[in-house]
Amino acid sequence: MTTSNSLWNAIVLFFIEGFLLCSFLATFDYAPEADAGNRQNSYSPHLNGKPSSLPVTYTLYQDVHVMIWIGFGFLMTFLRRYGQSAIGLTFLLGAILIQVAMICEGVTNFQIDNASPLSLKSLLNADVAVATPLISMGALLGKTTYMQLVFMGIFELIMFTVNKYVGEHLLMAVDAGDSMFVHAFGAYFGLAVSFVFGMKDKPKEHNLEGASYNSDIFAMIGTVFLWLFWPSFNSAALQGDDQQRAIINTLLSISSSCVIAFATSALVSKDNKFNMVHVQNSTLAGGVAIGTAAGMMCKPVGALAVGALAGLLSVLGYKYLTPLIQKRLRIHDTCGVHNLHGMPGVLGGIFGALMAGLATEASYDYSLYEIFPARAPNSEAKLAEMRDNYGISAGSNRTAGEQAGYQLLVLVITVGIAIVSGLVTGLMMRMSLCSLISEEQKFDDEANWELEEEATQESKIKEGNSYGGDQLPMAHI
């Protein structure tokens, strides 16, 4: 990337933020609960002499916030010469795309006479949405310019919003922890973009595509933060007993995947030792796999089982499937998002469909129709008591089998839209308008950052001082 391209990219960032500012002006206003002009807000905070506090949603929102910027950012610092870019570009992309995500959601709620309401829930939804392009970024880490990532993220969020609207509102599928809408979509979108990149230039080993002792430790910071806060990610959009189940199920599932990932890593690695690639990623697979069914009555043993299976599949994917995909399909997956987000996301969608097919009123009571709104009756005779006493709205009177079928249909549609839109995005990213990065600049912070370090250390790295461990990134496994 030349100096002139770098200058042009910096100027474009100014225009992007200006466009976002104008879009907010035309789209949003404060939601009633955040509007000082709402008289009810003048006295309700002081009822009974007690000042009100922020809702529990804010606590969960902050947890998700930490996951996006610290969790994802540090998880991608495993490359020994790309740590500043991993954290810094996550910071930049997150700041841009959280605004784009709010605008995408605002457009779906926009009315001509009224601006879209901007609330704490809007911020939470935007954070969850931003996870999608950051997952895709993992497949392309070190191989693109930051402007290519910005372009990809904006277009991906548009398609993410369309897909989620179709799946959640039109087909009424349930995906509490977004195994399908975020994880599967983000993974297969990123893999499709990487496929386009590999069509012209066959992926080959790069001397900087390796980890170091210190970079692996920094990446583990991201892993631990993600592991700790994943229950909040899966439960933030839920309420009441659904939220409690989601927290319990997620903790059980991610704990199980952690143990099985360690065990499987030792089983398949050299000298039966733990592999840092597996530990940094596969230990989190249970959080992805339980997402769709997080709020369902899958029983503690069900959560443990799906987490264990996710951990097993993820490690085997890193060991055997990723090298095969790179060799046969020319898909270079820098972070192995297919193993952490793709396969576990699909597993989560299938497990959610199974739980939907087994759900009965005997085990859920009337909350069945809160979790699966489409299963609520549509006849007045059956609906009257539920509506009057429990606030349940009319549904489509779906059977358990029909709901399970819709869940699987949405999973297929999600993967399909992700792949097709990813291919189109990849072709557009290859255009010179986005600027391209040279082979010599790949996996190197020097392409984007002013670096201050000893010349001798820099020369050693550039000579291809290879890393001798067994946990080299995907290109070397």
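Welcome: this structure holds nine aromatic pairs, where rings of Phe, Tyr and Trp (its six-membered ring) pair if their centres lie within 6.5 Å. This is a predicted model, in which local features need pLDDT of at least 70, side-chain atom pairs count only at pLDDT 80 or more, and totals for chains, interfaces and linings use all residues. Residues are numbered from 1 along each chain as its sequence is written, and side-chain values use heavy atoms, with hydrogens and water left out.

**Aromatic rings**

- A pair of aromatic rings is described by the distance of the centres and the angle of the planes.
- Phe24 and Phe28 make a tilted pair, because their ring centres are 4.9 Å apart and their planes meet at 40°; planes under 30 degrees apart count as stacked, over 60 as edge-to-face and the rest as tilted.
- Both Phe24 and Phe28 are buried (under 20% relative accessible area, with exposed over 50% and partly exposed in between, using a 1.4 Å probe and protein chains only).
- The rings of Trp230 and Phe233 are tilted too, with centres 6.3 Å apart and planes at 55°.
- You can find Trp230 and Phe233 in helix H8 (residues 213-235), three residues apart, or about one turn of the helix; helices here are DSSP runs (H or I, at least four residues), numbered from the N terminus.
- Trp230 has 1% relative accessibility, so Trp230 counts as buried, and Phe233 counts as buried at 5%.
- One aromatic cluster is formed by Phe160, Phe185 and Phe189.

**Charges over rings**

- Arg398 sits over the face of Tyr406, 3.6 Å from the ring centre; for this, NZ of Lys or CZ of Arg must be within 6 Å of the ring centre and within 35 degrees of the ring normal.
- Arg430 lies over the face of Phe197, at 5.5 Å from the ring centre.

**Two helices side by side**

- Helix H7 (residues 179-200) packs with helix H17 (residues 400-429) at an angle of about 35°, and their axes are 7 Å apart; axes are lines fitted to C-alpha atoms over the stretch in contact, and angles run from 0 to 180 degrees between N-to-C directions.

**A histidine in a loop**

- His332 belongs to the loop between helix H12 (299-329) and helix H13 (337-358).
- With a relative accessible area of 5%, His332 is buried.
- The side chains of His332 and Glu209 are joined by a polar contact of 2.8 Å (a pair of N or O atoms within 3.5 Å; within protein, one must be able to donate a hydrogen and the other to accept it, and residues adjacent in sequence count only if both atoms are side-chain atoms).
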